[in-house]
Amino acid sequence: MIMPVILWTDALIFLLVAITTAFALYARRKPHLRAPWRHVVCSRPGSMAVVILCAYIIIGLLDSLHYRLALESNDAGAETHYASEVLSALDALVGPLRTQTEKTYSAPFATHLFTRETIQQPEGGQTREYPRLKYGGRHLQNPAVDARADILRRSGVALAQTLTAGLAVLLLITLWQAHRRQQAFTTMLRTILKRRSEVPWLIIWISLSILALLIFLAANLATAYHVFGTDKVGEDVFYQTLKSIRTGLVIGTLTTLIMLPFAIFMGILAGYARGWIDDVIQYTYTTLSSIPGVLLIAATILMLQVYMANHPELFETTLERADIRLLFLSIILGITSWTGLCRLLRGESLKLREAEYIQAATAFGVRHSKIISRHILPNVMHIVLITVVLDFSGLVLAEAVLTYVGVGVDPTMNSWGNMINSARLEMAREPVVWWSLLAAFLFMFTLVLAANLFSDAVRDAFDPRLRQH
Amino acid sequence: MLRRPDGTPGNQAAYGCAVLLALQAVLLAACSDEPWNRPYPAQDAHRNIMYSSFQERPNHLDPVQSYSSNEVRFTGQIYEPPLQYHYLERPYALVPLTATAVPQPVYLDADGERLPDDTPPENVSFSVYDIHIQPGIHYQPHPAFAQDADGRPIYQDLDEKSLGDIYALGDFEHTGSRELVAGDYVYQIKRLAHPRLHSPIFGLMSDYIAGLGDYANTLKVVSTELTGPNGDRGFLDLREYPLEGATVIDRYTYRIKLRGTYPQLRYWLAMPFFAPVPWEADRFYSRPGMQERNITLDWYPVGTGPYMLTINNPNRQMVLVRNPNFHGETYPDEGEPGDADAGLLDDAGKALPFIERVIYSLEKEDIPYWNKFLQGYYDTSGITSDSFDQAISVGSAGEVSLTEAMLEQGIELKTAASTSIYYTGFNMLDPVIGGYNEQARKLRQAISIAIDTEEYISIFLNGRGIPAQNPIPPGIFGFREGEAGINPYIYDLTVNGPRRKSLDYARQLLAEAGYPEGRDINTGKPLVLNFDTTATGPDDKARLNWLHKQFTKLSIQLVIRGTDYNRFQEKMLKGTAQIFQWGWNADYPDPENFLFLLHGEQAKVEYNGENAANYRNAEYDRLFSRMKNMPNGPQRQQVINRMMAILQHDAPWTWGFHPKQFSLTHSWYYNAKPNLMANNALKYQRIDPEQRAALQAEWNRPVRWPLGVLFLLLLAVIIPAWVSYRRRQRQPAYRDKH
Amino acid sequence: MFAYIVRRAAYAIPILIGVNLLTFYLFFVVNSPDDMARLHLGVKRVTPEAIEKWKAERGYNKPLMYNEAAAGIDRLTETIFFEKSLKLFAFDFGHSDDGRDISHDIGQRMIPSLAIAIPSLLVGLLINISFAMLLAFFRGTYVDVSGVILSVVLMSVSAMFYIIGGQFLLGKLLRLMPISGYDGGLDAIKFLVLPVIIGVISGIGSSTRLYRSFFLEEAGKDFIRTARAKGLKESRVLFRHLLANAMIPIITGVVVILPLLFMGSLLLESFFAIPGLGSYTIDAINRQDFAIVRAMVFLGSVLYIIGLILVDVAYTVVDPRVRLS
């Protein structure tokens, strides 16, 4: 028995997914909307970025399906109670990663703890030695000898699995494309492999294969070893960094979701209506953007803490508290970042307003609301889209900095910012504990790189000015 | 050195030699024997300067207000209270500093008649301490004492205009000094009640020092009258207002009169609160314009101690320089057994202080500090107990262990059981976790067993801590070694020493407390407990995860309620917290200073005291009052043992641990011995600058080849680019691709 | 032009009032004067009387916006808002809660901030423009493609990694420069090298890419083709025409942030223990020193608005077609 839990950010994420899906379905049928997206997918870096982003998003979505387990009850008739610990589908999927915790630090693929401990000998006396890990390499009889071979064997298995899966995927893609284009299988295969297909299937296939390799490697190795080591209290770093993905995505996407309505509405209104409305809106965003952002964020986070301290009954679990803080962080980041988009939109609407077809529409007495929704809004959407995609990577990076300043996500939450922040201290240890930093770096870097490549592709596709080049 | 102090050349040969040497020095520097990464001016490399750091600037250097350890580490070197702790001896012993002897109280009855020394405390109305100070002690040079040729003070009547360009104390041209007199001590005691200052110990002291409370009221009235119409606050001359509890007997003697008895006073007499403050300084600093320019006693202390603060730039550095007027003191020639072997008595009888100058640089982050220490640019490293100020957090340096490489560098590790305690407390007012019935006790005991302090110490302190059995840390009277001191509710005694009781036992206790399997026996609801904390540091995530794990062992759900420092304080004051962590750092080596943390009259919610758990037990309180006034001895130990038994049964804290103070020193650093009571240890320290300079140079040879590689790489980029550019330029331009 | 600037400056006043009100509200709602007092007085043995005294001394015992106890105009002036916030308009920053003269501190701390910001900006500009020109010159070739990829890679790395990595590599492993610290005068140089390098590197990616697009945009314009068609030397085309025109958006981009250089860099300054205004701000937030925070917010807003005005002026200077009205 489980009880689903919908956190605030979960709800918003699902809302976002719903909106995106609706838009995708809508755009499918409109060629002028489809074309630029096709352009994105057809560019080589773009297609690669899409594959990577999809992987991240799937992990993030899985991690957003929260639930609470029912507690066992002795007598059947009694009311069921649920554990106050909230789990997610991702936790269920990676199972042992969450629960297999060691005592303290251990290096990646280690079979022994990183620090020496005093061990009481059964016959009395003490020795200082590196104790065996409880889980990492548990199955090995003689880790010093067997570990390398075992890791190689497992990697070999992963490679074989990848090859099988990769070939299967290639087969499927080719079959599907051949079927769609009414071509012979071999012709299609040649087209794909020689990179003559419009959509760069070869690149997509290679990206998918690499992704598959990573997944199989993780599946084979992560259950038996701590592939990224363990942290100070023995938690698996790989698990932490997987959990951090959701935090990064939430900050990157919800912030924009929250700020978009304001920015679009205010920006277009200011540009279209002009006069005193324009003055008021301009005044608002100039004021907001002239306050140093960190100060605004610090104040809001403090304010939230006051509220939570005064209403402890509203936040039952640690996760809920962390979640509400994450949400507020997104909101306040949205408030500090909507001004830029608002200014752009205002400028664009000012220009559009003077366009002949809008002048004509006005002359015909078309209602303002209709002009805005029919003529202006569709014509500024590319700006909105480009800004959103561009902002995403900046926001993911900002989380780390804010956490360093002390106004970031809740310290109990898994996030790259928190990982980097504690890794700072680990870098000062002798010998250096580098794996947390490395894990956070790799996962964060990959996401931001993919987002940047994606945003490049989106800009190329949507910005008519750039497409001339 | 060949150069004369005035800089004029000696004879020709020496002059030539000097030029040659200088040239050589330049050449050597160019050949870079001198490290590139030295964070200090090169010319200081061989000077007798100690390098240290501060993470956050001290808030108060006024001896009336400075209390936290990061403040006392400065004021302790500058101000000299009448007493001090012996640097080497253990247990901590008080010895005279400026006084001629440790004062003994004389007991009086209500009529002022002398009572015998063995009078029971409840019959004593007043105790009187006469303190004689040594003649011939002089203050550091300070503009407040500056006099012109006629003996008139120069700077005592400054106004805002004549201050001109003066923004720091060092900008004053003239300085002077004066002999220390008993009146200066009395002046400072009166300052405890000063209406414009808030001494943290005023509340405590007004309970004891005769007339101090009324004195504060008198001064408040006077101060309001003195305040000018535009907010100018004139000089409040405390000499004009007598205080019953502190009086001058003669030039070198003063008297402190207490209501009842308070044997702990002598410990306070070793803290800067009871250091002398000359009235001239007070008057000097209260001139108009001084406050605006931030020239106050809080920033520029004036004392008789071995060092004086010459630069106080909170943005960058603080500098202590040897006080030229220091009265002189010698290194102790006796210590604990073993000190002689450790080389701690090698300097016996030599004149203090050894170090010429101490430079404290601003260093916010732990990593740079640590790395610079390893490079030899800081002389010592260790955690201060600053962390107490932020409720609880243990510094990252606590993770350090001596590796082969560090041993090779000659770094030494000094540890001492510190006189502090970090504990996890239960709010006794809470309906779930608090209360004095057997069920609540069992719940607390079960949790105390489940929180594996030994593991905490091993993970977060690298083994540098001692699990606490009760509030009293080792080194303080009342602490019991071995099995007698073990808390029987948490530990089993086995042949291999004490063992934490099993989790099964804890679960059984939990069941008896009404929560079998961590669920309420009546409703079946899971038991959810709240942990309130100020989580800010980078280490907190791991710490909170760990704590969560401990409660999960008992199937108890722990909700971590992180908040900011102020909100945490507010919760503690209102008593809405449930479980919290806190710490206490000894003011003085007396069990009273720890046992009062659980005294009913110190309850946080009711009296805004230091008893954060709001624990109250009538029997404990009664015993506390008795214990407080007893001299150390078997009788006192017996009373303390009874108090311990009560506490361990009630389990208002999980007792936590006593961190071991540790410090790392380089091989050129001598006479380091952790002394957690003495705040003036700097004067005993010695460094060998030549040895240091040699080792620094050896450790910091720059690795230069990457620069070469970088240069080659640049060439590899630039040359093809240039070639291609030339080629294009020669091509006809119209072949534009666009 | 002068009239325009005056008008713009006057327009700034309501914005500054808004900023003032907002920060005032945010910080006093969150942080009552009691909180500030408690934080400043420390942990051990703090009594309610001490808190009252602390507040009274610093004028925090008055009502926030409206004083009912007073009479007449005093109702508005005998308030925290009037006394603490409105004085800022005269650039009278007053004293921090622990009694230091804020203006004096800002004056002192500005220098280290600028000592990092100006070299970072200049070196960064030089490097970024050269790289961007290089990429634009080799557009379409493998140099361009790999350069752009490198830029994207560089801008995908968090600034935190640059700092931690830089300190570790250059400071600890190679021992080429001090890990952190600061000194006055010329001695400061060796401390500034590392933060400046890191500042430049962390900015290379995004700026190079941006500047490259400016260059490409100019390169596609007709006058460049004409210049080439005239048979002008490539170097002349590149430097006289292309660079000169692409500099317009680059310079205006720089001018906006120019005044904000005073505010310093939060991250670099706290990691390298450089006593600039960035670390001043962070410290003030952590210590909840409202007086400093207020001053810094005000200063930041003023500088931001100056930046906006400067951009407009810069436009008229570099592009005579733009007229200010």
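1. Let me begin with B:Asn614, which is buried at a relative accessible area of 5% (buried means under 20% relative accessible area, exposed over 50%, partly exposed in between, with a 1.4 Å probe and protein chains only). B:Asn614 has a positive phi of about 55° although it is not a glycine. Its place is the loop of chain B between helix H17 (604–607) and helix H18 (618–628); helices (H or I, at least four residues) and strands (E, at least two) are DSSP runs, numbered from the N terminus.

2. Some ground rules before going on. This is a predicted model, in which local features need pLDDT of at least 70 and side-chain atom pairs count only at pLDDT 80 or more, while totals for chains, interfaces and linings use all residues. Residues are numbered from 1 along each chain as its sequence is written, chains are lettered from A and ligands numbered from 1 in the order in which they are written, and side-chain values use heavy atoms, leaving out hydrogens and water.

3. B:Asn671 also deserves a look: this non-glycine residue has a positive phi of about 70°. B:Asn671 sits in the loop between strand S21 (669–670) and strand S22 (686–687) of chain B, and counts as buried at 5% relative accessibility.

4. Next, the cis peptide bonds of chain B. One runs from B:Arg90 to B:Pro91, with omega near -10°, and B:Pro91 belongs to the loop between strand S2 (83–85) and strand S3 (94–96). Another joins B:Leu352 and B:Pro353, with omega about -10°; B:Pro353 is in the loop between strand S9 (317–322) and strand S10 (357–362).

5. For chain B as a whole, I have 21 helices and 22 strands, with 57% of the 738 residues buried. Among its contacts (heavy atoms within 4.5 Å) between residues at least 6 apart in sequence, 72% join residues at least 24 apart. The accessible surface (Shrake-Rupley method, 1.4 Å probe; for residues, only the protein chains shown count as cover) is about 30,300 Å², and carbon and sulfur atoms hold 53% of that.

6. Chain A has 17 helices and five strands, and 51% of its 469 residues are buried. Its C-alpha trace spans about 100 × 70 × 55 Å along the principal axes. The accessible surface of chain A is about 21,800 Å², with 65% belonging to carbon and sulfur atoms.

7. Where in chain A is A:Gly271 found? The answer is helix H9 (residues 237–273), and A:Gly271 is buried with a relative accessible area of 0%. Not counting residues up to four places away in sequence, A:Gly271 touches A:Arg346, A:Ser349, A:Leu350 and A:Arg353. From A:Gly271 to A:Ile281 is ten residues in sequence and 9.7 Å in space, C-alpha to C-alpha.

8. Lastly, chain C: C:Asp144 is in helix H7 (residues 142–155). Is C:Asp144 buried or exposed? C:Asp144 is buried, at a relative accessible area of 5%. Setting aside neighbours within four places in sequence, C:Asp144 is in contact with C:Leu135, C:Phe138, C:Arg139 and C:Arg212.
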